[in-house]
Amino acid sequence: MCFAVCASGLNTCILQTSEDSKKNMMAQSDLDLKETALKEDLKFYFMNPCEKYRARHQIPWKLVLQILKILMVTTQLIFFGLSNQLVVSFKEENTVAFKHLFLKGYSGVDEDDYSCSIYTQQDAYDSIFYVINQYKQLKNISLGTLGYEHDGSGLKICKQQYKKSTMLHSNDTLNIDVSTETECIFLKPQELASKKAEQKLNSSFFNLEFYRLIQVEISFKLKGIALQTIHARELPDCYAFQNTITFNNRAQSGKMKIYFDSDTDIQECKDWHIFSSVLQKNTQYILVFDGFVILSCSASLILCTRSIVLALRLQKRFVNFFLEKYKRHVCHADRLEFINGWYVLVIISDVMTIIGSILKMEIKAKNLTSYDVCSILLGTSTLFVWVGVIRYLGYFQTYNVLILTMQASLPKVLRFCCCAGMIYLGYTFCGWIVLGPYHEKFEDLNTVAECLFSLVNGDDMFATFAQIQQKSTLVWVFSRLYLYSFISLFIYMILSLFIALITDSYDTIKKYQQSGFPVTDLHEFLKDHGTVGYRKEETSMPFICCCRRQQSDDSLILIN
């Protein structure tokens with residue numbers, strides 16, 4: 001009886017062992033199947049569009065769409081650029097016309113950052129009243145389609161001066177209160193021909209005490225319309241010009257600088273009628289084309305977003321499987337392999353193009369006038385679109401060297417630029433504080449930075465040396481030491497090291513292409529995976545076959 005019990009227990013142990021073995025075999029089989037499916041999906045994900053088409057006969061929709069989008073976005077930008085060029089030229093020409101109209105003795109060339117200058121009290125009075133007289137006769141003397149903004153607009157003349165000062169002629173001393181006061185007078189266009197205007201012009205307001213005068217500011221608004229756009233088959237824009245003329249006497253140096261500033265605002269034209277069916281049809285055609293651009297970018301945005309989502313899902317599958325089989329985590333570099341930076345660039349470009357196209361349509365319909373915002377959006381998106389073309393060139397090994405070299409050298413170049421930037425800032429501050437009073441290219445920090453950057457690139461060297469004023473021998477000697485040391489340090493050392501970093505990365509990439517790139521866990525995982533048994537459908541019409549997809553593929557296939 002005891003033997004029977006032992007025999008029964010032995011049979012039970014044997015049965016349990018057999019069941020555990022079967023479970024282990026089944027688990028191993030499931031793991032192998034999961035590994036095979038994962039390798040197939042990974043292999044397919046890292047293929048280029050041509051290889052994907054040969055493998056599974058999937059049409060590379062994103063590739064076709066990107067090529068179409070490049071053509072459409074570039075065409076759209078050219079049309080908008082031609083239209084924007086008319087706007088820019090109209091603004092610039094009006095600014096030049098205003099300077100000739102309202103600035104007495106304007107030579108046509110600005111003096112440094114100001115338009116012109118005067119040196120006597122009589123010149124100051126003549127220049128101020130010249131502006132008033134020209135504004136009064138504007139419609140009779142202007143060649144452009146200019147007018148006053150509205151009936152309530154006019155000239156606003158303000159003078160700013162020290163609050164109280166007394167000049168003592170006996171001993172040439174000056175008692176002055178540094179607090180300032182501002183007094184303004186307003187002259188409407190319809191009042192300029194009346195006696196009331198004459199009374200204002202003869203008032204004590206225009207008796208200027210120059211020894212305490214800081215500045216006189218004359219501001220006025222004008223409106224105009226750009227009719228030249230009609231010749232380009234576009235509806236015209238209406239403009240509002242906010243002009244400000246400043247007689248600056250802050251330095252009290254005997255030289256009064258005259259600044260002219262014109263702030264242009266594009267407005268919607270009101271109560272105007274242009275009879276031309278050609279203009280209306282041309283506007284409609286452009287609006288329809290912009291609509292197609294928005295549709296193509298929306299489709300590209302959806303496809304690229306879908307690819308990123310599927311890539312993240314595939315990354316999660318690979319990370320979980322790697323942890324399950326090998327009991328360790330996937331490194332950060334392998335995780336980044338699934339994040340396609342080109343798709344992120346395309347998504348940003350699509351969003352900017354869609355927003356810019358909507359603004360362009362509103363501008364074309366004369367509902368908005370945000371030319372600057374629209375230009376930034378469309379220009380940047382077109383830049384990103386053309387940069388994205390490099391991705392497709394990267395499928396060829398000859399062109400891929402540029403992309404790989406940029407990726408490899410970028411971290412080292414950024415670290416190097418941080419170190420070199422500290423030296424550059426030191427030279428910038430030093431040049432500004434020492435050479436600023438003696439050299440026009442070192443008058444402010446922005447100009448100094450631009451001048452030094454030009455010197456690094458070998459531009460305008462002799463002029464920078466020659467323009468230093470030799471009023472101080474000490475400063476002149478310092479300027480030579482300063483410029484020679486900067487040029488020698490940055491051109492012969494820092495710039496050479498900068499180039500050497502990129503050359504080193506290029507040589508490394510060339511060696512990798514000959515001997516093989518470093519193998520990561522992801523590459524090791526896919527290395528043993530041979531030719532995948534992709535399903536191919538034979539058909540006499542390959543294009544139609546490319547359009548056929550099975551729903552079961554969506555959970556496995558990732559379109560790259």
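Predicted model: local features only at pLDDT ≥ 70, side-chain atom pairs only at ≥ 80, totals over all residues.

Q: How many disulfides does the structure hold?
A: The test is a pair of cysteine sulfur atoms within 2.5 Å. The structure holds one such link. C158 and C184 form it, with their sulfurs 2.0 Å apart.

Q: What does that pair tie together?
A: C158 sits in strand β3 (residues 155-168) and C184 in strand β4 (residues 173-187), so the link joins parts 26 residues apart in sequence. The angle about the S-S bond is 110°, and the link is right-handed.

Q: Is C158 buried or exposed?
A: Buried means under 20% relative accessible area. C158 has 12%, so C158 is buried.

Q: Why can charged side chains pair?
A: Opposite charges can pair when the charged atoms come close. Here the count is eight salt bridges.

Q: Which residues are linked in a network of salt bridges?
A: E181, E209 and R212. R212 meets E209 at 2.3 Å, N to O. R212 also pairs with E181 at 3.5 Å. R212 lies in the loop between α6 and β5, and E181 in strand β4, 31 residues apart. R212 is buried at 12%, whereas E181 is partly exposed at 31%.

Q: What does the salt bridge of D504 and K412 tie together?
A: The two side chains meet at 3.5 Å, N to O. D504 is in helix α14 and K412 in helix α11, so the bridge ties parts 92 residues apart in sequence.

Terms used. Residues numbered from 1 in each chain as written. Heavy atoms only, no water. Helix = DSSP H or I, 4+ residues; strand = E, 2+ residues; numbered from the N terminus. Buried < 20%, exposed > 50% of the residue type's maximum accessible area, 1.4 Å probe, protein only. Salt bridge = Lys/Arg side-chain N within 4 Å of Asp/Glu carboxyl O.
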